[in-house]
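Dear colleague,

Please find below the structure that I am handing over to you. My findings follow it.

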Amino acid sequence: AGLSDLTRGFRVKLVLLGDSGVGKSCIVLRFVRGQFDTTSKVTVGASFLSQTMVLQDATTVKFEIWDTAGQESSPVQWSFDCVHADHHLIRYAALAPLYYRGAAVAVIVYDITNPESFSKARFWVKELQKHGSPNIIMVLVGNKADLHENREVSIQLSMLLFDLDIKFINSSYLQIICSECSVAKQLITLRVLLMKDAIDYAEKNGMFFIETSAKTSDNIHELFEEIAKRLPRRPI
Ligand code: GDP
Ligand code: MG
């Protein structure tokens, strides 16, 4: 590559955060190696991979990707007496800055079939808003989009709400109303997280939102392309 190529390139530190098992490592492996390995191992500590991407305008972006695992607290790793519910998060919060320090981009991943992982994602957003670089680009990723049959985050659901006489109360409750007598028949606890919730949340927090599948590779490349578009440019 000549000098002109180099001056048209930039690099960026990107950190992945999110609950254990949401597919962070798989997203990275899909992007970097084009592979999906169902036997992928739990990340220990943090792993580092880089991938260069050429954009449409021939600019080169080198992603320096930090795939974290510090939040994946095993009982052995975190064996201490206090069993207070927030303790893991508090403990981890002390280590997290090691990973996201100097990161230009934080990709916060949740699993669309797991509402708890979305709560964890919100924790990370708050954490980065408090302690991340002021100009950090935060991206919200709903992974495992291929499992939309199991999704508790659902576009289809909001359509259902419209067609049938089901009243959406909040992201946890649905009320089914009898169309004959207008009496509320049932209140079901669904623990659903509507995709709209994620979209609204991302918008409110100035984040880009995308659903991906590391398994089918759906939107993986698009995710990094969208990130590249939002980057401040720094020469390699
Ligand atoms: P991490 O803990 O966030 O790094 O999660 P991993 O990348 O290790 O993935 C956890 C599990 O989810 C593995 O069993 C993967 O095979 C699975 N997985 C990851 N991404 C996807 C996806 O897009 N679709 C499906 N169906 N499974 C996925
Ligand atoms: Mg991992």
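**Findings in the predicted model**

Alanine 58 sits in the loop that joins β2 (46–54) to β3 (60–68). Please note that the model is a predicted one. Although alanine 58 is not a glycine, its phi is positive, at about 70 degrees. This residue counts as exposed, because it has 10 C-beta neighbours inside 10 Å.

A positive phi, near 70 degrees, also occurs at lysine 144, again a residue other than glycine. Lysine 144 belongs to the loop between β5 (137–143) and α5 (155–163). Is lysine 144 buried or exposed? With 26 other C-beta atoms within 10 Å, lysine 144 is buried.

I turn next to helix α4. Its 17 residues, 115–131, reach 25 Å from the first C-alpha to the last, close to the 24 Å expected at 1.5 Å a residue. The buried residues in α4 are Ser117, Phe118, Lys120, Ala121, Trp124, Val125 and Leu128. They lie on the same side of α4 because they cover an arc of only 155 degrees around the axis. On the face of α4 turned away from this buried side are the exposed residues Ser119, Lys126 and Lys130.

Finally, there is ligand 1. Of the 18 residues around ligand 1, those that come nearest are Gly23, Lys24, Ser25, Cys26 and Lys215. By class, the shell comprises four nonpolar, 10 polar and four charged residues. Helix α2 (residues 24–33) supplies the largest share of the shell around ligand 1, namely three residues.

Yours sincerely

Methods
Residues numbered from 1 in each chain as written. Chains lettered and ligands numbered in written order. Predicted model: local features only at pLDDT ≥ 70, side-chain atom pairs only at ≥ 80, totals over all residues. Helix = DSSP H or I, 4+ residues; strand = E, 2+ residues; numbered from the N terminus. Expected span 1.5 Å × (residues − 1). Buried ≥ 20, exposed ≤ 12 C-beta atoms within 10 Å, placed from the backbone. Arc of directions from axis to C-beta. Near = placed C-beta within 6 Å. Nonpolar A, V, L, I, M, F, W, Y, C, P; charged D, E, K, R; others polar.
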